[in-house]
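Notebook open, structure loaded. I want to go through a few spots and jot down what turns up.

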Amino acid sequence: MKPTRLSMRLGLTVTAMSAVLVLVMATFAYATISHQLDVRARDGLNEKLGQIEHSLEESLASTADIVLHPHNLRDQIIGHDNFTLMILDSGTPRKRLMNLGSNEGLELPVPDTDEPLQDFQRLKSAEGYEILVAYKKVRLTSGQQILIILSLDRKSDVTLLNAFVKSTLIGLPLILLLVGGCGWWVVHRGLRPLRAFRKIAERVCARDLSLRMKVTGLPDELRDLAHAVNLMLHRLDGDVQQLTQFSDDLAHELRSPMNNLMGKAQVTLSRERPPQEYKKVLESCTEELERLSLMVSQMLFLASVSQPSARLAFGPVNLHEEAQKVAELFASSAEEKAMLLQIQGSGCAQGDRLMIQRAISNLLSNAIRHGTPGSTVTIMLVEHADEVALAVRNEGDGIETEHLPRLFDRFYRVHPSRSRQQGGTGLGLAIVRSIMTLHGGRVAVESELRQFTAFTLYFPHPLSQKISASTINAPAFS
Ligand SMILES: Nc1ncnc2c1ncn2[C@@H]1O[C@H](COP(=O)(O)OP(=O)(O)O)[C@@H](O)[C@H]1O
Ligand SMILES: [Mg+2]
């Protein structure tokens, strides 16, 4: 089973990799040492043979000399306890003239007189160690021929190699323990910031989104993550604050009409009244209830516009035609104020026909409501290179600059009580903004005091339109 902790998993992986590495290196070192020892053994054997030949040339002229004065050669062999020297004559069978050294008892294979000599031969000693044997035929000054057999017991080499293997086998677990431990420690330390992430994540809740990750001192990879987490918390914080604000506003918006309704009903019921009075009260209550019902349906619409699935009905929309249809609907209310509605220009957009109608209708109803009686309300369409603009412009008192940034917030009105009296909910422009966000566009306002007010819808040009995923997910509360 795989360990679940990253530090443990990495520690074990590093250990396994180190084990393979150490084993490969140890095998390589073993092969190199073994080869070098072999080369040295052969060189040593050759060198010793040369020295023996030299001694024979200098002081031992015949086989008799060898038998009588063995000490000349003994000096070459004694003291080097891994060499064994055997000298044989050339008779058949060969007679042993001398046998000196550590392995005197060892029966070395003696080649026949005519047999060609091998350079080296490898044998096993009684203890199981390798014995390297060299042969050489030498002609003495007397003309007699002798055979020199020099052997080297490689016990010390084998002991050295065994010691190497043993120390490697003992050292390996210690090295692995050390490497594994260090690996685990380094990873454990490196992941410390992640534990800080966890602590923050455990403490974050809707009531407290003020916590932020410490970015200083973090490694680059985690610094980006910490930045992203902080940004996410920041956005969530903003959204939650807006949500809280929205529910406060909503409660506030509902409280006054409900208090009104309740007050009217209580006062009316406090004593007997003529039927006409009941009728009047009921009519006024119905008006209030209609406004409440409008507010609820607008809020439901806002919620539905915030869903990405709202884009499913998108298609090409002729903005001039849609503006025309909306203008016809408002013709009578414009007439009431002796206002003229005119539409100029043309343009197409990709979107939901009914939603676009609703956006234009919200702007037009505001324009007529706030426009100077007898003036003209203009819907102007302009096609730019990458966007199509639809502006609704009316003459009137205009809006003070300080209100402009908040105009599209839910329930925001410049004159709250006047708006309520006129049946406004303060949600019209918020709906316009949500519709435009859904279409990958935007809405802007321009106003000059005592002059005019113009709201412009900007749609992405249908030819260059690529609504990115981020604009599809319109923020639910903005
Ligand atoms: N054409 C306009 N001229 C002046 N003020 C406007 C205009 N359109 C909107 N406003 C201001 O913006 C506020 C918000 O508009 P809106 O969201 O449509 O809410 P409502 O119309 O229900 O009051 C209005 O209350 C009004 O004060
Ligand atoms: Mg409105």
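Predicted model: local features only at pLDDT ≥ 70, side-chain atom pairs only at ≥ 80, totals over all residues.

For touching residues, I take contact to mean heavy atoms within 4.5 Å.

**Entry 1: a histidine in a loop**

I started with H403 and asked which residues it touches. Leaving out residues up to four places away in sequence, H403 touches Y412 and V414. I found H403 in the loop between β10 (387-395) and α11 (416-421). Buried or exposed, I wondered about H403? Its relative accessibility is 13%, and the cut-off for buried is under 20%, so H403 counts as buried.

**Entry 2: the sheet**

Next I traced an open sheet of 5 strands, which run in the order β2-β1-β5-β4-β3 with antiparallel pairing. Its edge strands are β2 (96-101) and β3 (120-124), and each of these pairs on one side only. As a reminder, strands of a sheet pair through backbone hydrogen bonds.

Then I zoomed in on one end. β3 pairs with β4 (residues 130-139) in the antiparallel sense, over 5 bridges. I looked up K124 as well, and its bridge partner in β4 is E130.

I took α4 (residues 155-190) and α5 first. Their axes come within 4 Å and cross at roughly 40 degrees, which makes α4 oblique to α5. Which residues meet here? From α4 I noted H188, R189 and G190, and from α5 R192, P193 and R195. By type, the residues of this α4 and α5 contact are 1 nonpolar, 2 polar and 3 charged.

Then I moved on to α5 (residues 192-203) with α6 (residues 220-269). The axes of α5 and α6 come within 11 Å and cross at roughly 10 degrees. Angles under 35 degrees count as roughly parallel, so α5 is roughly parallel to α6. On the α5 side I listed P193, L194, F197 and I200, and on the α6 side L222, L225, A226, V229 and L233. The residues of the α5 and α6 contact divide into 9 nonpolar, no polar and no charged. P193 shows up in my notes for the α4 contact and again for the α6 contact.

**Entry 3: cysteines**

How many disulfides does the structure hold? I get 0 disulfides. C182 counts as partly exposed because its relative accessibility is 45%. C285 has a relative accessible area of 11%, so C285 is buried.

Key: Residues numbered from 1 in each chain as written. Chains lettered and ligands numbered in written order. Heavy atoms only, no water. Pairing = 2+ DSSP bridges. Helix = DSSP H or I, 4+ residues; strand = E, 2+ residues; numbered from the N terminus. Buried < 20%, exposed > 50% of the residue type's maximum accessible area, 1.4 Å probe, protein only. Axes fitted to C-alpha atoms, helices over the stretch in contact; angles between N-to-C directions. Parallel < 35°, antiparallel > 145°, perpendicular 65-115°, else oblique. Nonpolar A, V, L, I, M, F, W, Y, C, P; charged D, E, K, R; others polar. Disulfide = S-S within 2.5 Å.
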